[in-house]
Amino acid sequence: MLDLDQNSTAPTTNATMFTKKEGVLTNAMKRTGDWIFSQEIPSDVTVRAGGNSFALHKFPLVSKCGFIRKLFTESSDPDLSDIELPDVPGGAEAFELAAKFCYGINFEIGTENIAALRCVAEYLEMTEDYAIGNLVGRTEAYLNEVALKSLGGAISILHATEEFLSIAEKTKLVNQCIDAIALMASKESRFNASGGSENAMDGVYSSSSHSKPIDDWWAEDLTVLRIDIFQRVLIAMIARGFKQYALGPILMLYAQKSLRGLEMFGKGRKNMEPKQEHEKRVVLETIVSLLPREKNAMSVSFLSMLLRASIYLETTVACRLDLEKRMGLQLGQAVLDDLLIPSFSFTGDTLFDIDTVQRILNNYLEFKDEVNRMGDYNADDQEYILPPQNDMEQVGKLMESYLAEIASDRSLTVLRFISIAECIPEQTRLTEDGMYRAIDIYLKAHPALSDLERKKVCSVMDCQKLSREACAHAAQNDRLPVQTVVQVLYYEQQRLREVMDSSTHSNAESPSLAPKANASPAIVRSASTDEYASLRRENQDLKLELAKMKMQLKELKKPTAERSSPSTPSADKPPLPKKSLINSVSKKLGRLGALVRPDVLTSSSKGRTKPGKDRRHSVS
């Protein structure tokens, strides 16, 4: 604080000039200082400023205020006694301090009132042209020597100028504060960077976040600024050498504070005024324009939050596409909650915004293709840092989990389900268990689907890549089409045969696995013959069951009239229900160690062929 006493010799830039005239004005100022509290000498002018009235005297005002002096000299009324100052910066409080300065009354000057004092002094034209050591010079000296020497003080003064921004711009007070903040913030960042790793920029291109945290003890203070002033501060900081990736924590703090209160997690009409919605929209679009281009500078969860707010506030298309592109770059780091973006269309279409997630996935795949085409690339030539190569499997699992999550939505159509399932690349799916789980959930949530629709849904799954546990579940799943179950059984038997062949080949090559030398040859031959006969019987039984299934499939494809006509051949036994037949086959499959020849499934697998397999064998 500075005790502003005109009778004292406070350090100012105009101290010498003020001393020369101090003797001339001291007695007059002392008298007028007594007049304002004396009833013997009444006031001769009333000043209305900031909604308040001040009964004052002309002489102390016109001796320091050029603006008021012009009012009296240019007025046609020689007895002017009422002055209106409706737009005085800082209001009544600032004018009262200026009046005290004119009367020579002491008061303290500090960071909380320096902005208003500087602007009201400019408004009243309290310059050196009218008095030596006037208020403009005093406030400028305090700003340069005290107030703008600390980062917190500069931010506080800049925030105070928002109430009278036009005149603060005229006095260049705003630029002074911004330059001071940018300079000190850049020094802070360079000091923190020098205290940590010398390779601070290595984290920009790595797959993990920056290991060196930004010491942003002052970042919380910046969140009080208006968005346009905040933007100017950050641009000035970058111009002063502040690293762009270090803006991440500052932007996160500002966004969390300014976008607080948005109801973005449930359907319903917006509960805010149009003016408030417009202000938040401007804030969000500005924050997105300031986001660093370096990968991992912002977390995926923060980008997802911004994207939700962008859709909710209906920002520009460019703003939303930019956020989707950034999320696509870092999709390998996302979790399921980051993709569960509510649908704000209010039309009852789907519970989640599927189109947005599909575009995010397409961005990720496009970046992958670009990396594959370019190979080694120069990161300096890229607007965005491209994603790493080794997260494809993680993205595949994430998208399968997302598909399973949205599958229970009854508003999700078959075409929408298939479209997003087909976007998941096959090379990212080592197994089809996740896809099978999503399909099973979808069929369970949509029991009214026709056979054709269920076949289309199941067509996105490769039955050959199901695990043994998934095959066992699918074999007894009555929600799946019969053709899908048959394919599952066939491929599981094929897998069993490959295991048996590899085991037999290993036994033939490994002496340790051969029968012991001291075992009786007759006993060995007898055991082998019995096992072979048992396997043949199991094989024949399974062939018979699959042949019956073929016949029932043919019966199901015939029209009802043909099945009821006398010419239709009837089986010796009534046909088993679908579920019982599948259970019977799957039980036999579990006991079987050898594989039935694949030609029995020729008609049911609809022309699926395997290289090197003969499909002309018929079951007798």
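Helix H18 (residues 392-406) and helix H19 (residues 414-422) pack at an angle of about 170°, with their axes 10 Å apart, where axes are lines fitted to C-alpha atoms, for helices over the stretch in contact, and angles run from 0 to 180 degrees between N-to-C directions. H18 is therefore roughly antiparallel to H19, a label given to angles over 145 degrees, whereas those under 35 count as roughly parallel, 65 to 115 as roughly perpendicular and the rest as oblique. On the H18 side the contact is made by Tyr402, Leu403 and Ile406, and on the H19 side by Phe417, Ile420 and Ala421; contact here means heavy atoms within 4.5 Å.

The structure is a predicted model, in which local features need pLDDT of at least 70 and side-chain atom pairs count only at pLDDT 80 or more, while totals for chains, interfaces and linings use all residues. Residues are numbered from 1 along each chain as its sequence is written, and side-chain values use heavy atoms, with hydrogens and water left out.

The protein chain holds 26 helices and five strands, which are DSSP runs numbered from the N terminus (helices: H or I, at least four residues; strands: E, at least two). Of its 620 residues, 46% count as buried, a term that means under 20% relative accessible area, with exposed meaning over 50% and partly exposed in between (1.4 Å probe, protein chains only). Among the contacts in the protein chain with a separation of 6 or more, 73% are between residues 24 or more positions apart.

Nine of the 10 residues of helix H5 (residues 114-123) are buried, so H5 is largely enclosed by the rest of the structure; the buried residues include Ile114, Leu117, Arg118 and Tyr123. Helix H6 (residues 135-145) is mostly covered, with nine of its 11 residues buried, among them Arg138, Glu140 and Tyr142.

A search of the whole structure finds 18 salt bridges, each being a side-chain nitrogen of Lys or Arg within 4 Å of a carboxyl oxygen of Asp or Glu. In one of these, the side chains of Glu125 and Lys70 meet at 3.1 Å, N to O; because Glu125 lies in the loop between H5 and H6 and Lys70 in helix H3 (residues 66-74), the pair ties together parts that are 55 residues apart in sequence. By contrast, Glu277 and Arg281, which form a salt bridge with their closest N and O atoms 3.1 Å apart, both lie in helix H13, four residues apart, about one turn of the helix, and both are buried. Elsewhere, salt bridges that share partners join Arg48, Asp82 and Glu84 into one network.

Asp353, in the loop between helix H16 (336-339) and helix H17 (354-374), is buried yet has no salt bridge, the nearest side chain of opposite charge, Arg359, being 5.4 Å away; for such charges, Lys and Arg count as positive and Asp and Glu as negative, while His and the chain ends are not counted. The side chain of Asp353 is instead joined to that of Thr356 by a polar contact of 2.9 Å, which is a pair of N or O atoms within 3.5 Å (within protein, one must be able to donate a hydrogen and the other to accept it, and residues adjacent in sequence count only if both atoms are side-chain atoms). Not counting residues up to four places away in sequence, Asp353 touches Ile311, Ile341, Pro342, Ser343 and Tyr402.
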